[in-house]
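Let's take a walk through a protein together, one piece at a time. Have the picture open while you read.

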Amino acid sequence: MRGMKRSILLLMLLPAAIVLSSVNAFSAAVVCGYAEDLLAGINAPGSEVSETALGDAAADAARYISGADAAIIPGGDIRANLRGGDVTETMLEAVFPEGKTLVLLHVTEAELRELLEYGVSHTVYSEPEILDVERSSWAYFPQVSGLSFSYDISAPVGGRVSGLEAGFDADGTLALVTTQEMLTAAGN
């Protein structure tokens, strides 16, 4: 994936990828959104092991903000749940305490599969067909938007992603937004 073309867009992942803000200080009273219900991200098994409502919302927001076709947000970036009701910048800062740089790039299906494979590479069973949540916890477990995939935990690492649906262009690429940290960790 070293040949991936990085596009011009670099964004700061505000402590949530849900709202972009200029360099202004956060204010507890500034309402920047609304969540109808609790958006869980850290409840067992959590975003470092499985898809979560908050992970989906963050990936959806990153995709929307960047105009990308798809998004991958590492589950380890989520540090708290987001309760229902008005959402303030301070609440988002608690959920995403570290600002992350978002990168928009164009990837092929093989490159997208490679990132997803990296994300599910630590998932293991403790017994046949029973997920070992503790050993599977991995900061790069993918929270996604604009794509769907399936994977087989029992398959060898590097060959786990068995299904992938995404809107690739006629040239065989799609615009993907993810964090710089995810790309670096995956060796790209």
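Predicted model: local features only at pLDDT ≥ 70, side-chain atom pairs only at ≥ 80, totals over all residues.

**A helix and what follows it**

Residues are numbered from 1 along each chain as its sequence is written, and side-chain values use heavy atoms, with hydrogens and water left out.

In total, the protein has five helices and eleven strands. Both are DSSP runs numbered from the N terminus (helices: H or I, at least four residues; strands: E, at least two).

Back to α1, which covers residues 53–66. (The expected span is 1.5 Å times one less than the number of residues.) Which residues of α1 are buried? They are Leu54, Gly55, Ala58, Ala59, Ala61, Ala62 and Ser66. These residues sit on the same side of α1, because they cover an arc of only 160° around the axis, taken from the directions from the helix axis to the C-beta atoms. The general idea is that an α-helix has 3.6 residues a turn, so residues three or four places apart point the same way.

"Buried" means under 20% relative accessible area, "exposed" over 50%, and "partly exposed" in between (1.4 Å probe, protein chains only). Of the 188 residues in the protein, 45% are buried.

Now for the cores. A nonpolar core is a set of buried Ala, Val, Leu, Ile, Met, Phe, Trp, Tyr and Cys residues joined through side-chain atoms within 4.5 Å. The largest one has 21 residues, and those touching the most other members are Ile72, Leu112, Leu115, Leu116, Leu147 and Leu176. At least two residues each come from β3 (70–74), β5 (100–108), α3, β10 (161–166), β11 (173–179) and α5 (180–185). The biggest giver is α3, with four residues. There's also a second, separate core of twelve residues, including Leu54, Leu82, Val87 and Val95.

Next, look at the rings. Rings of Phe, Tyr and Trp (its six-membered ring) pair if their centres lie within 6.5 Å; planes under 30 degrees apart count as stacked, over 60 as edge-to-face and the rest as tilted. That rule gives five aromatic pairs. One of them is Tyr118 with Trp138, edge-to-face, with 5.4 Å from centre to centre and 65° between the planes. Tyr118 lies in helix α3 (residues 109–120) and Trp138 in the loop between α4 (133–136) and β8 (142–145), so this pair ties together parts 20 residues apart in sequence. Is Trp138 buried or exposed? At 15% relative accessibility, Trp138 counts as buried, while Tyr118 is partly exposed at 21%. Ring pairs also link Tyr118, Trp138 and Tyr140 into a cluster.

Last stop: His122, in the loop between α3 and β6 (125–127). His122 is partly exposed, at 33% relative accessibility. Setting aside neighbours within four places in sequence, His122 is in contact with Arg135, Ser136, Trp138 and Arg160, where contact means heavy atoms within 4.5 Å.

How values were computed. Expected span 1.5 Å × (residues − 1).
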